[in-house]
Amino acid sequence: KKYFYQAAAIVMKAYIFQQLVDMFNNIPYTQALQGTNVIQPAYDKAQTIYETLSGRLDTAVTLFKRSDAVAASNTDVLFNGNNTRWIQFANTLRLRMLIRQTKISGRAAYIQAEIAKIVANGGGFLTADAAVNPGYANNNGQLSPFWGQIYKIDGSYVSGSGDYWRAAQYPITFCTNNNDPRYKYLYALTAQSPQIYQGNVLGSPTNHAGNSTSTFGPGILKSASQSAIMISAAESYFLQAEAVLNGFISGNAGTLFNSGVQASFTYLGAGDATGYYTQPGNQNTNYSACTTPAQQLACIIRQKWMALNTVNPFEAWCDYRRLGLPADIPLTQSPYVDVLAIPVRILYPTSEYQNNTANVNAQGAIDHHTSKVFWMP
């Protein structure tokens, strides 16, 4: 049997289905992906899917540890056939899923038992970015997907891209208020003079015009050959820091926190982060300045949010839905919003109501502000 490829398929299926649950809550799983055998798949409970995926990731690690689980490096665009890194990826993904459930009442014992299984397999967690790159280059059909959203092969802008992607003022202000140099790597100077770092406010009727607002910076929009991040090293370290803070794994939460900040600086090309995360008394940047578990958690999530900015903002939204952190995330200023709150989920697509009517209707009336995903408090 092709044990390596079987294990890799299990991990990637878990990666996708976790995101689907986090978007929609209950979804088809058991009967999904059956082609014409099951055209209208039934929905599974979201928590049951999570539990199943955790078990499947355990199976994947066991398969990767087999001596006959091998792959040619040119068939693996994620880790080039490196089983050790696949195990770390599976463990980190599983930790992400378990940390997601920390606000469910009575769930601590389950989380502790599942994390104990991760620790027991001895594979550890990601210490480098899990990044896909099948050979991206500045050629037709080879552009890195993110780069290709913005630039053509000749270096000109893709039509309309400059209108869709603009900086928000909130993270720029956070950075300038906290001596955080990353805004210069996340964002670019405005094209219009005077050239400054400037963002917009969501929904504001008085936002800046196109070229007077910053767009992607050099730490985000790197090159036509840049890799696509699946799980960053920074996220891995912050997940571990939170797990230590909650007593689920042993270790030093502050050291893991510092490693997470440094991994973010490294990815963006922002240099040494030591001076940043040792700012005296700054509870936004310095874990050691925090004296209570609540302050420590807020500091972890604040820096995780910064590290996920534009790299994987979906995970930042999940943390906000779970914890309400960072607590001062601004809401839209639009006068046309239906509910002044950040949505808690994505609505099922219209196509599902058209093609799988009975099963999706069985989920009841869905509201994007009140129909929570199962792990939300």
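This is a short tour of the structure, stop by stop, with something to select at each one.

Before you start, note that this is a predicted model, in which local features need pLDDT of at least 70 and side-chain atom pairs count only at pLDDT 80 or more, while totals for chains, interfaces and linings use all residues. Residues are numbered from 1 along each chain as its sequence is written, and side-chain values use heavy atoms, with hydrogens and water left out.

**Stop 1: the cores**

Select Phe257 and Val261, the residues with the most contacts inside the largest nonpolar core, which has 62 residues. Such a core is a set of buried Ala, Val, Leu, Ile, Met, Phe, Trp, Tyr and Cys residues joined through side-chain atoms within 4.5 Å. Here, buried means under 20% relative accessible area, exposed means over 50%, and partly exposed lies in between (1.4 Å probe, protein chains only). Now show what surrounds Val261: leaving aside neighbours within four places in sequence, Val261 is in contact with Phe238, Ala273, Tyr276, Tyr277 and Gln303 (contact means heavy atoms within 4.5 Å). Apart from this core lies another, of 51 residues, including Phe4, Val21, Met97 and Tyr136.

**Stop 2: the largest pocket**

Next, select Ala168, Pro171, Leu202, Trp305 and Pro313, the closest to the centre of the largest pocket among its 42 lining residues. About 1200 Å³ of space lies in this pocket. On a 1 Å grid over the protein atoms alone, a pocket is an open set of points where a 1.4 Å probe fits, with protein on both sides within 12 Å along at least five of seven lines; lining residues have an atom within 4 Å of a point. The volume is the space filled by probe spheres set on the points. Colour the lining by class and you will find 30 nonpolar, ten polar and two charged residues. Which helix gives the largest share of the lining? H13 does, with six residues.

**Stop 3: the second largest pocket**

Move to Phe146, Ile229, Thr310, Val311 and Asn312, the closest to the centre of the second largest pocket among the 17 residues that line it. The space there is about 420 Å³. Strand E2 (228-231) is one of the elements that supply at least two lining residues, and E2 gives the most, with three. Strands (E, at least two residues) and helices (H or I, at least four) are DSSP runs, numbered from the N terminus.

**Stop 4: helix H13**

Select 313-323, the span of H13. Nine of the eleven residues of H13 are buried, among them Phe314, Trp317 and Arg321. The buried residues of H13 pack against H1, H3 (83-99), H9 (233-245) and H12.

**Stop 5: salt bridges**

The whole structure holds 14 salt bridges, each a side-chain nitrogen of Lys or Arg within 4 Å of a carboxyl oxygen of Asp or Glu. Start with Arg94 and Asp58, whose side chains meet at 3.2 Å, N to O. Arg94 lies in H3 and Asp58 in H2 (residues 46-64), so the pair ties together parts that are 36 residues apart in sequence.

Finish on Arg96. The side chains of Glu235 and Arg96 meet in a salt bridge (2.8 Å, N to O), linking H9 with H3 across 139 residues. Arg96 also forms a salt bridge with Glu315, the closest N and O atoms being 3.4 Å apart; Glu315 sits in H13, 219 residues from Arg96. Both Arg96 and Glu315 are buried. Last, select Asp22, Arg96, Arg100, Glu235 and Glu315 together: salt bridges that share partners join these residues into one network.

Conventions:
Nonpolar A, V, L, I, M, F, W, Y, C, P; charged D, E, K, R; others polar.
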